[in-house]
Amino acid sequence: MEKPEKKSVILVVEDAESNYLYLKAVLRKIDTEMIWVKNGQEAVETVRTNPEVDLVLMDLQMPIMNGFDATRKIKELRPDLPVIAQTAFVMPEDVEMAKESGCDDFWAKPIKSKDILDKIKNFL
(Lines give C-alpha, C1' and ligand atoms only; values in the text may rest on other atoms or scores of the structure.)
Protein backbone atom coordinates (compact mmCIF):
# COMPACT_ATOMS: atom_id res chain seq x y z
CA MET A 1 0.00 0.00 0.00
CA GLU A 2 1.31 3.43 -0.94
CA LYS A 3 1.93 5.96 1.76
CA PRO A 4 -0.10 9.16 1.27
CA GLU A 5 2.03 12.06 0.11
CA LYS A 6 3.07 14.31 2.99
CA LYS A 7 1.57 17.79 2.95
CA SER A 8 4.10 20.59 2.85
CA VAL A 9 4.28 22.60 6.06
CA ILE A 10 4.59 26.36 5.71
CA LEU A 11 5.51 28.53 8.67
CA VAL A 12 3.89 31.96 8.34
CA VAL A 13 5.65 34.57 10.46
CA GLU A 14 3.34 37.57 10.46
CA ASP A 15 2.26 39.91 13.25
CA ALA A 16 -0.71 41.42 11.37
CA GLU A 17 -3.74 39.15 11.47
CA SER A 18 -5.17 40.63 8.25
CA ASN A 19 -2.00 39.70 6.34
CA TYR A 20 -2.07 36.19 7.82
CA LEU A 21 -5.73 35.72 6.84
CA TYR A 22 -4.91 36.78 3.28
CA LEU A 23 -2.05 34.26 3.08
CA LYS A 24 -4.27 31.58 4.60
CA ALA A 25 -6.90 32.17 1.91
CA VAL A 26 -4.27 32.04 -0.85
CA LEU A 27 -2.58 28.91 0.50
CA ARG A 28 -5.89 27.02 0.56
CA LYS A 29 -5.38 26.65 -3.19
CA ILE A 30 -2.44 24.31 -2.61
CA ASP A 31 -2.31 21.29 -0.36
CA THR A 32 -0.32 22.58 2.61
CA GLU A 33 -0.44 22.80 6.35
CA MET A 34 0.21 26.18 7.94
CA ILE A 35 1.70 27.18 11.25
CA TRP A 36 1.21 30.83 12.24
CA VAL A 37 3.46 32.71 14.63
CA LYS A 38 3.48 36.45 15.33
CA ASN A 39 7.14 37.32 15.87
CA GLY A 40 10.65 36.23 15.00
CA GLN A 41 11.37 34.66 18.38
CA GLU A 42 8.36 32.33 17.99
CA ALA A 43 9.53 31.53 14.45
CA VAL A 44 12.98 30.45 15.61
CA GLU A 45 11.48 28.29 18.35
CA THR A 46 8.99 26.74 15.90
CA VAL A 47 11.76 25.80 13.47
CA ARG A 48 13.84 24.42 16.34
CA THR A 49 11.00 22.16 17.54
CA ASN A 50 9.25 21.29 14.25
CA PRO A 51 11.56 19.56 11.76
CA GLU A 52 8.59 19.09 9.40
CA VAL A 53 8.57 22.81 8.43
CA ASP A 54 9.32 22.97 4.68
CA LEU A 55 9.17 26.72 4.00
CA VAL A 56 9.09 29.97 5.98
CA LEU A 57 7.20 33.10 4.89
CA MET A 58 8.90 35.79 6.96
CA ASP A 59 7.57 39.27 7.65
CA LEU A 60 10.55 41.54 8.21
CA GLN A 61 9.04 44.20 10.49
CA MET A 62 7.77 42.55 13.69
CA PRO A 63 7.84 43.01 17.45
CA ILE A 64 10.19 41.14 19.83
CA MET A 65 12.54 39.88 17.06
CA ASN A 66 12.51 41.22 13.51
CA GLY A 67 12.57 39.02 10.43
CA PHE A 68 16.21 39.73 9.60
CA ASP A 69 17.46 38.44 12.96
CA ALA A 70 15.00 35.54 12.96
CA THR A 71 16.12 34.45 9.49
CA ARG A 72 19.79 34.46 10.55
CA LYS A 73 18.97 32.22 13.52
CA ILE A 74 16.76 29.92 11.44
CA LYS A 75 19.53 29.53 8.85
CA GLU A 76 21.95 28.58 11.65
CA LEU A 77 19.53 25.81 12.70
CA ARG A 78 18.52 24.68 9.20
CA PRO A 79 20.68 26.20 6.43
CA ASP A 80 18.66 24.51 3.67
CA LEU A 81 15.22 25.65 4.88
CA PRO A 82 13.90 28.18 2.33
CA VAL A 83 12.84 31.56 3.71
CA ILE A 84 10.83 34.05 1.65
CA ALA A 85 10.87 37.58 3.05
CA GLN A 86 7.72 39.66 2.86
CA THR A 87 7.48 43.34 3.67
CA ALA A 88 5.59 46.51 2.92
CA PHE A 89 8.88 48.44 2.96
CA VAL A 90 10.57 47.99 -0.38
CA MET A 91 13.68 50.06 -0.36
CA PRO A 92 16.67 48.54 -2.18
CA GLU A 93 18.53 48.35 1.15
CA ASP A 94 15.68 46.23 2.59
CA VAL A 95 16.04 43.73 -0.24
CA GLU A 96 19.81 43.68 0.29
CA MET A 97 19.45 43.22 4.06
CA ALA A 98 16.97 40.38 3.49
CA LYS A 99 19.45 38.61 1.20
CA GLU A 100 22.31 39.18 3.64
CA SER A 101 20.27 37.71 6.50
CA GLY A 102 19.76 34.51 4.47
CA CYS A 103 16.40 34.98 2.77
CA ASP A 104 16.10 32.93 -0.40
CA ASP A 105 13.50 35.18 -2.04
CA PHE A 106 11.55 38.37 -1.38
CA TRP A 107 8.18 39.86 -2.11
CA ALA A 108 6.63 43.25 -1.50
CA LYS A 109 3.19 43.61 0.06
CA PRO A 110 0.62 43.73 -1.31
CA ILE A 111 1.25 40.80 -3.63
CA LYS A 112 -1.16 39.02 -5.96
CA SER A 113 -2.18 35.51 -4.99
CA LYS A 114 -0.88 34.03 -8.26
CA ASP A 115 2.57 35.55 -7.60
CA ILE A 116 2.57 34.12 -4.06
CA LEU A 117 1.72 30.65 -5.32
CA ASP A 118 4.32 30.82 -8.10
CA LYS A 119 7.07 31.76 -5.63
CA ILE A 120 6.03 29.10 -3.13
CA LYS A 121 5.89 26.38 -5.79
CA ASN A 122 9.52 27.18 -6.66
CA PHE A 123 10.55 26.02 -3.20
CA LEU A 124 8.20 23.11 -2.44
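# Briefing: sheet, helices and selected residues

Helix 5 (residues 113–123) has Ile-116, Leu-117 and Ile-120 as its buried residues, where buried means under 20% relative accessible area, exposed over 50% and partly exposed in between, with a 1.4 Å probe and protein chains only. Seen down the axis of helix 5, these buried residues fall within an arc of 95°, so they line one face of the helix; the arc is that of the directions from the helix axis to the C-beta atoms. The model is a predicted one, in which local features need pLDDT of at least 70 and side-chain atom pairs count only at pLDDT 80 or more, while totals for chains, interfaces and linings use all residues. Residues are numbered from 1 along each chain as its sequence is written, and side-chain values use heavy atoms, with hydrogens and water left out. Helices (H or I, at least four residues) and strands (E, at least two) are DSSP runs, numbered from the N terminus.

**Surroundings of helix 5**

- On the other side of helix 5, Lys-114 and Asn-122 are exposed.
- The buried residues of helix 5 pack against strand 1 (8–13), helix 1 (17–27), strand 3 (53–59), strand 4 (83–87) and strand 5 (105–108), with contact meaning heavy atoms within 4.5 Å.

- The 5 strands form an open sheet in the order 2-1-3-4-5, with parallel pairing; two strands pair if DSSP finds at least two bridges between them.
- Strand 2 (32–37) and strand 5 stand at the edges with a single partner strand each, so one side of each is left without a neighbour in the sheet.
- On average, neighbouring strands of this sheet are turned by 20° against each other, direction ignored.
- Strand 1 pairs with strand 3 in the parallel sense over 5 bridges, and Val-13 stands opposite Met-58 in strand 3.
- Strand 3 is joined to strand 4 by 4 bridges, and the two run parallel; here Met-58 stands opposite Ala-85 in strand 4.
- Strand 4 and strand 5 also run parallel, joined by 4 bridges, and Thr-87 stands opposite Ala-108 in strand 5.
- Strand 3 is mostly covered, with 6 of its 7 residues buried.

- Helix 2 (residues 40–49) lies across strand 1, strand 2 and strand 3, and runs at about 160° to strand 1.
- Axes are lines fitted to C-alpha atoms, for helices over the stretch in contact, and angles run from 0 to 180 degrees between N-to-C directions.
- Helix 2 packs with helix 3 (residues 67–77) at an angle of about 10°, their axes 9 Å apart.
- That angle makes helix 2 roughly parallel to helix 3, since angles under 35 degrees count as roughly parallel, over 145 as roughly antiparallel, 65 to 115 as roughly perpendicular and the rest as oblique.
- Gly-40, Ala-43, Val-44, Val-47 and Arg-48 of helix 2 make the contact with Ala-70, Lys-73, Ile-74 and Leu-77 of helix 3.
- By class, the contact of helix 2 with helix 3 has 6 nonpolar, 1 polar and 2 charged residues; Ala, Val, Leu, Ile, Met, Phe, Trp, Tyr, Cys and Pro count as nonpolar, Asp, Glu, Lys and Arg as charged, and the others, Gly among them, as polar.

**Helix 4**

- Asp-94, Ala-98 and Ser-101 are buried in helix 4 (residues 92–101).
- Viewed down the axis of helix 4, its buried residues fall within an arc of 70°, so they line one face of the helix.
- Pro-92, Lys-99 and Glu-100 are exposed on the other side of helix 4.
- The cover over the buried residues of helix 4 includes helix 3, strand 4 and strand 5.
- Gly-102 follows helix 4 and has a positive phi, near 115°.

**Single residues**

- Thr-32 has its place in strand 2 and is buried, with a relative accessible area of 15%.
- Not counting residues up to four places away in sequence, Thr-32 touches Lys-7, Ser-8, Ile-10, Leu-27 and Leu-124.
- Tyr-20, found in helix 1, is buried with a relative accessible area of 11%.
- Leaving aside neighbours within four places in sequence, Tyr-20 is in contact with Val-12, Glu-14, Met-34 and Trp-36.
- The C-alpha atoms of Tyr-20 and Lys-38 are separated by 9.3 Å, and the two residues are 18 residues apart along the chain.
- Ile-64 lies in the loop between strand 3 and helix 3 and is exposed, with a relative accessible area of 66%.
- Phi of Ile-64 is near 70°, a positive value in a residue other than glycine.
- Most residues other than glycine have a negative phi.
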